[in-house]
Amino acid sequence: MNNNNENALIVVKNLQKVFKNNNGDTVQALDGIDNVIHNGEKVVIIGPSGCGKSTFLRCLNCMEDPTGGSIFFGGEDLADMKVDINKHRENIGMVFQQFNLFNNKTVLQNIMLAPVHIRIKKAGGIFAPTAVKKQIKEEARQTAMSLLRRIGLEEKANVYPSKLSGGQKQRIAIVRALAMNPQVMLFDEPTSALDPEMVGEVLDLMKQLANEGMTMVVVTHEMGFAREVADRVIFMSEGKIVEEGKPSEFFDNPQTDRAKQFLKCVL
Amino acid sequence: MNWQKSFAEFWRIFAEQNGYLVFLRGLGITMLIATLGLLIGIVVGTVIAAIKVLPRYKKITRFFQKICDFYVAAFRGTPLVVQLLLAYYVVPGVLGVSWPAENVCVVIFGLNSGAYVSEIMRSGILSVDPGQMEAGRALGLSYPVTMLKIVIPQAIKNIIPTLGNEYISLVKETSIVSFVTATDICKSFREIGDATYEYVIPYLFMAIVYVIIVLVLTLLVKLVEARLRRSEK
Ligand SMILES: Nc1ncnc2c1ncn2[C@@H]1O[C@H](COP(=O)(O)OP(=O)(O)OP(=O)(O)O)[C@@H](O)[C@H]1O
Ligand SMILES: [Mg+2]
């Protein structure tokens, strides 16, 4: 793994996130996260429930707006509210625990919607020439079909999500994000909502992506996956990164008491 | 009272002296005001609902949300007749213009129903899984685009039956438009009655006409509802 800064894809500096609850209480979900995610790197984030894993991941594409610090990506600080976040999100794929396929769209439409809309917008929106629009749609359709072929679900192209199994939904959610051709993929517990027999097919697809060199940040409880795929494991506790390192080092020889305790519970 | 004679009188006016034309015109105006009113209401209500469910952290959205709150409070807090009278008799005088009663009715019914539809829409939108919006935003789609392409189409399924009921109540409420000289169903039967100074039969007929319209519309709403439930699968 290359650690020089030219290879850095996302640089997180002193990231803070404070939630305000309805009753006026505040929760410090992230407390000074510093981290660099490099091109092609696979980072797995683990830690006890409520330690801020999801919040950290969701701050990376500003699904939660950070309340302090910075996130440098694509030459800009995403934590700056003036940044056009949509432009950057095109390059940051995200996969959710609950899949979140668009219920009112077929599988094919789910995959094509964002690429088509965004490319047509760049070509002039409603003023784009019909021929250009047609071409954009056709290209997106072919990309979508080849992605579906890749996961063996091309016969589901015209089916609505409600007809799919959890594993199928999640694999489609993954290729939907891939259709944007992102520079990095964020996964928030992608297998936690799945029946056990479907976990494997989703992890296999993620391993494939990893092998192809995709930059990945994954929050998961699948320690086997972390050990096998991760270049680096980040262990969080109470909104901070407590420990990080190569999976072999971290799992076999954790340094901090908290990590030792956590690993004793999950392994 | 001689029912047979009264009915014969009514029927003479209605069938032989073009009473039915007066009625058909009234029916047309009633349906026109209710239908266009609902369409305007849907547009206005959707915009208001979309603004009201915006995330609240930007000053400008809070400003627009205040305006929407005021709008809804103003239209729900005053009687529809009062709104009609103001729009037909007061506003044109102030602005130095004049406009046909039917147009005023369409606009006021539209704006008024917009206030009610916005609440229907808002609860419909809030009933859609927030993950749908998140997925759209995470792909780089903007808030309005995700709203229009993903959230609202799903909300519509919950909303359409309620909108059908809103349409039915609009049809019934149009019976007040003769306050501003528009000639709806209600007015048309009064005119038929005026021809003989005999109102019992015309008003009975009027009631039957409204009942039939409402029953037909209720049936339609039920059919659409069943259809939507089937396409959900
Ligand atoms: N929208 C929110 N409003 C208020 N508090 C929140 C919100 N989201 C998260 N929190 C709080 O922030 C803290 C971190 O939550 P987060 O979801 O990031 O934890 P997590 O590590 O992902 O946990 P889990 O393993 O259970 O998913 C928790 O204390 C949680 O209660
Ligand atoms: Mg979480």
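Predicted model: local features only at pLDDT ≥ 70, side-chain atom pairs only at ≥ 80, totals over all residues.
Biologist: Let's start with the ligand. Which residues come nearest to ligand 1?

Modeller: There are 13 residues around ligand 1. By class, that shell has five nonpolar, six polar and two charged residues. The ones that come nearest are A:S49, A:G50, A:K53, A:S54 and A:T55.

Biologist: How far is an oxygen atom of ligand 1 from a polar side-chain atom of A:S49?

Modeller: Let's go through the polar contacts. A backbone N or O atom of A:C51 is 3.2 Å from an oxygen atom of ligand 1, and an N or O atom in the side chain of A:K53 is 2.7 Å from an oxygen atom of the ligand. For the polar side-chain atom of A:S49, the distance to an oxygen atom of ligand 1 is 2.6 Å.

Biologist: And how much of ligand 1's accessible area does the protein cover?

Modeller: Picture ligand 1 on its own, where it has 630 Å² of accessible area.

Biologist: Which element gives the most residues to the shell around ligand 1?

Modeller: Two elements of chain A give two or more residues to the shell: β2 (26-38) and α1 (53-60). The one giving the most provides three residues, and that's α1(A).

Biologist: Staying in chain A, is A:F99 buried or exposed?

Modeller: You'll find A:F99 in the loop between β6 (92-95) and α3 (107-122) of chain A. A:F99 has a positive phi of about 65° although it isn't a glycine. Its relative accessible area is 10%, and the cut-off is under 20%, so A:F99 counts as buried.

Biologist: On to chain B. How many helices and strands does chain B have?

Modeller: Read the elements from the N terminus on and you get α-α-α-α-α-α-α-α-α. The C-alpha trace of chain B spans about 75 × 50 × 25 Å along its principal axes, and of its 233 residues, 46% count as buried. As for the secondary structure, the count is nine helices and zero strands.

Biologist: There's a nonpolar surface patch on chain B too. Why can B:W99 be part of it?

Modeller: The patch covers about 960 Å², and its members include B:V82, B:L85, B:Y89, B:F179 and B:W99. B:W99 is in the loop between α4 (80-95) and α5 (101-126) of chain B.

Biologist: One more. What distance separates the C-alpha atoms of B:A226 and B:L204?

Modeller: B:A226 is in helix α9, residues 200-231 of chain B. At 34% relative accessibility, B:A226 counts as partly exposed. B:A226 and B:L204 are 22 residues apart along the chain, and their C-alpha atoms are separated by 33 Å.

Technical notes
Residues numbered from 1 in each chain as written. Chains lettered and ligands numbered in written order. Heavy atoms only, no water. Near = heavy atom within 4 Å. Polar contact = N/O pair within 3.5 Å; in protein donor to acceptor, adjacent residues only side chain to side chain. Areas by Shrake-Rupley, 256 points an atom, 1.4 Å probe, with all protein chains shown as cover. Helix = DSSP H or I, 4+ residues; strand = E, 2+ residues; numbered from the N terminus. Nonpolar A, V, L, I, M, F, W, Y, C, P; charged D, E, K, R; others polar. Patch = residues over 30% accessible without salt bridge, like charges linked within 9 Å, V, L, I, M, F, W, Y side chains within 5 Å. Salt bridge = Lys/Arg side-chain N within 4 Å of Asp/Glu carboxyl O. Buried < 20%, exposed > 50% of the residue type's maximum accessible area, 1.4 Å probe, protein only.
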